[in-house]
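This report looks at charged side-chain pairs and at a patch of nonpolar residues. The sequence and structure come before the discussion.

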Amino acid sequence: MHTELRRAPAPRNSPACPPTDGSAQGRVLAVGTPGPRRERLTRTLESTGYAVTHAAPGEVGRSVEHTPPDAIVALDGHGGVEQALAVVREIRTAPQGQVLPLLVVTADREPAGVASLLRGGADDCLSEAAEPVELSARIAAKLHRVPVPVDRLALDPLTGLYSAPHFRAELDRELRRPGSRPGRRAGVLAVVGVAEVDALVERFGARVRREVAERLAGVAERLGNGSNRLGRDEDGRLLVLMPGVDEEGARRALQEFATTVAGTRFVVADENVRLTPAVGWLPLTDADDRAVDRAGDAVAEALRHRDLRPVRYEPWMRATTPRRRPRQVVRPLLLALSPLLALLVGVGVPFALYEQAYTVIGWDIASAVYWVVVAGLVLSASLILLECLFALDAPARPAAPAQPYPPASAVIAAYLPNEAATIVDTVESFLRLDYPGDLEIVLAYNTPHALPVEDTLREIALRDPRLVLLPVAGSTSKAQNVNAAVSRVRGEFVGIFDADHHPAPDAFRHAWDWLSNGYDVVQGHCVIRNGDSSWVARQVATEFEAIYSVSHPGRTRLYGFGIFGGSNGFWRTDLLARTRMHGSMLTEDIDSTLRALTEGARIATDRTLISRELAPTRLKPLWNQRSRWAQGWLQVSLRHLRQALRNPSFTPRQKAGLVVLLGWREVQPWLSLQILPILLHSALRAGGADQINWATPACLVAFAFTLSAGLVQTGFAGRLAVPELRRRRGWFWLHALISTVFYTHFKNMVARQSHLKELLGDRRWRVTPRAATKAVGQE
């Protein structure tokens, strides 16, 4: 963390909390060279009721960092007091070791040696000849009645963090210090909660709140290098006071902190776990005596999304203040008129510009724009043809995995009311997967009310423990469901699927072929399985073959990076835990792709990695689905394109690909529309449409070339399609015809309207309805 995040220095002589696990009097780390003396010490400790772990000199720091004990008992070695002092220094150098009770068992009975050890940092010394009951009593005394220096009473005795009352006092002093007038205070107050803490408390008891706060503070210390204050409240949340930092710098620092925590595996209650930090913050300019509570309200909002983004407190987050939505009148009207607005913006305004330029200053701008439009259409067609050619030479899947098959996880994200008719069939298909390692199936779902299908799912989970049901309370998006699941999964890699997907039996085995050979993400081939349902479904089925058999593999090879397409994608779990999905993005998959690529991830595309899904069967659901996709791509372009072009980690080839994917795709729908105002202007200038020379060679060649690109792409899709669709040649002929006269224009209309929706702030997620349907015959 580039700004300063540091907890208050921990006292050496501070008491450990009494053991709460109930399995022993406490956990003691026995430090000494392996041999008879350490074995005798172990037997003594165990005979008096302590659970014992071991560490040799030189390994103590790592041991107490991973699994902090309640107390440490160290043996002096053959080097006597000097060697014992070295062990004491090693223990006290470790951040966790600074606050643990430390007893030294020594064979040296000389007072000078004992005094040297006590001055060096030991809390007590005991002769090796002492009775076990005395050793036990001395440990117990340190656990329960160790004196705390007066100047340390403000600190948590085990973690060294400020207690909640003293942290608030520190905050109050910061707000009242001279020169810190309201409106001019620089700094930020943050509160950090953890999404998994309640589940951990339920399993292991209240002591995990202390441990979790301690782990968070440890990360903050490693990332920081200064004097910011850290505290802990009664719920175990980390409190962070960051004076003297501007808001943007604090936000970046908190984001780095959250990403680091999410990407780290911690030992909590002797178990290896992932933690999902939820960061709420507010600037000190807005702070008052309720600042910590308000930052806590922002934590509650961050916990809903679990996407690692720090949330700035806003007044509507207060539990006692209902969020008021202003009555919308103008925006719904504008959205209803958006097709007319698109024509006005894309046709009417340019036509008026051409006419005014010609009439007022005599410039025929339309002629110049005409050649720009022709060049743009030729460029789009050329890029499509290049993708087709490069798709023929797409990289083949590695022949074999480079490592043994590890545990794997599948996450099915579902909005249950929408998937009730298909979810059982989907779950059963996942349970038939053929994977040599351990495979868990996590169904992460949300539902506004209980449904009968949940009883069926619970019965399946009882029958097959591989199925894990994960209701995500309060979720409103697929991103939140995936984020809730990623800290729960046990697999080394995870496949992400929508609730209508049926992966091929070998999907996880083939995904590991890529991931074990150096890739971080692999995107598979989504195949439509209900193409027989309607002409719309057939259109989507053939379009998906053009996308997943041709465009994705071709672009991956052409530009040097792949794209995660939202479903049938496989991630290394550690990368997904750091990246997460942002529910505010309508295409959270493309957004996560860009953030993963920025981190240096390698993304492969494999058209032989099959999963079959359902397509919309009517035009209106298809419109809603494609409108969301188009608006989501625009959001990603606005957020990432400029940053990506400035990022030195991207090669020129990759930057060119990003310009095409994030820039040109947003310009092209409006550019293609310019032919209408140009023709209107030309007809008006020529005295009528019949006076225009339509047989201009350059125009005819450009038109033929542009038209051929779609036909060629459809031909490639038919050649590279999966076998069950390759046999449906009529579908591809029909797709070529419909795309030429209707579907391409349909998608351009959707794209233009989505731009207006984003401009008007309409970012509603319209669910695509799904129903159980007859599948296309599979080979």
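## Arg168 and its partner

At 34% relative accessibility, Arg168 counts as partly exposed, a class that lies between buried (under 20% relative accessible area) and exposed (over 50%), as computed with a 1.4 Å probe and protein chains only. Its side chain meets that of Asp293 in a salt bridge, with 3.6 Å from N to O, where a salt bridge is a side-chain nitrogen of Lys or Arg within 4 Å of a carboxyl oxygen of Asp or Glu. The pair links distant parts of the chain, since Asp293 belongs to helix 10 (residues 291-305) and Arg168 to helix 6 (residues 164-176), 125 residues apart. Asp293 is likewise partly exposed, with a relative accessible area of 31%. Helices here are DSSP runs of H or I with at least four residues, and they are numbered from the N terminus.

## Basis of the model

This is a predicted model, in which local features need pLDDT of at least 70 and side-chain atom pairs count only at pLDDT 80 or more, while totals for chains, interfaces and linings use all residues. Residues are numbered from 1 along each chain as its sequence is written, and side-chain values use heavy atoms, with hydrogens and water left out.

## Salt bridges of Glu543

Glu543 forms a salt bridge with Arg626, and the closest N and O atoms are 2.8 Å apart. Glu543 lies in helix 19 (residues 535-559) and Arg626 in helix 22 (residues 619-646), so this pair ties together parts that are 83 residues apart in sequence. Both partners are buried, Glu543 with a relative accessible area of 5% and Arg626 at 7%.

Glu543 also forms a salt bridge with Lys747, for which the closest N and O atoms are 3.6 Å apart. Here the link runs between helix 27 (residues 729-760), which holds Lys747, and helix 19, which holds Glu543, across 204 residues. Lys747 is partly exposed, at 33% relative accessibility.

## Network and total

## A nonpolar surface patch

Trp535, Leu619, Leu734, Leu737, Val741 and Phe742 form a nonpolar patch on the surface, with about 530 Å² of accessible area together. Such a patch is made of residues with over 30% relative accessible area and no salt bridge, whose nonpolar side chains (Val, Leu, Ile, Met, Phe, Trp, Tyr) are joined within 5 Å; accessible areas come from the Shrake-Rupley method with a 1.4 Å probe, and for residues only the protein chains shown count as cover.

Helix 27 contributes the largest share of the patch, four residues. Leu619, by contrast, is found in helix 22 and is partly exposed, at 34% relative accessibility.

Key: Helix = DSSP H or I, 4+ residues; strand = E, 2+ residues; numbered from the N terminus. Patch = residues over 30% accessible without salt bridge, like charges linked within 9 Å, V, L, I, M, F, W, Y side chains within 5 Å.
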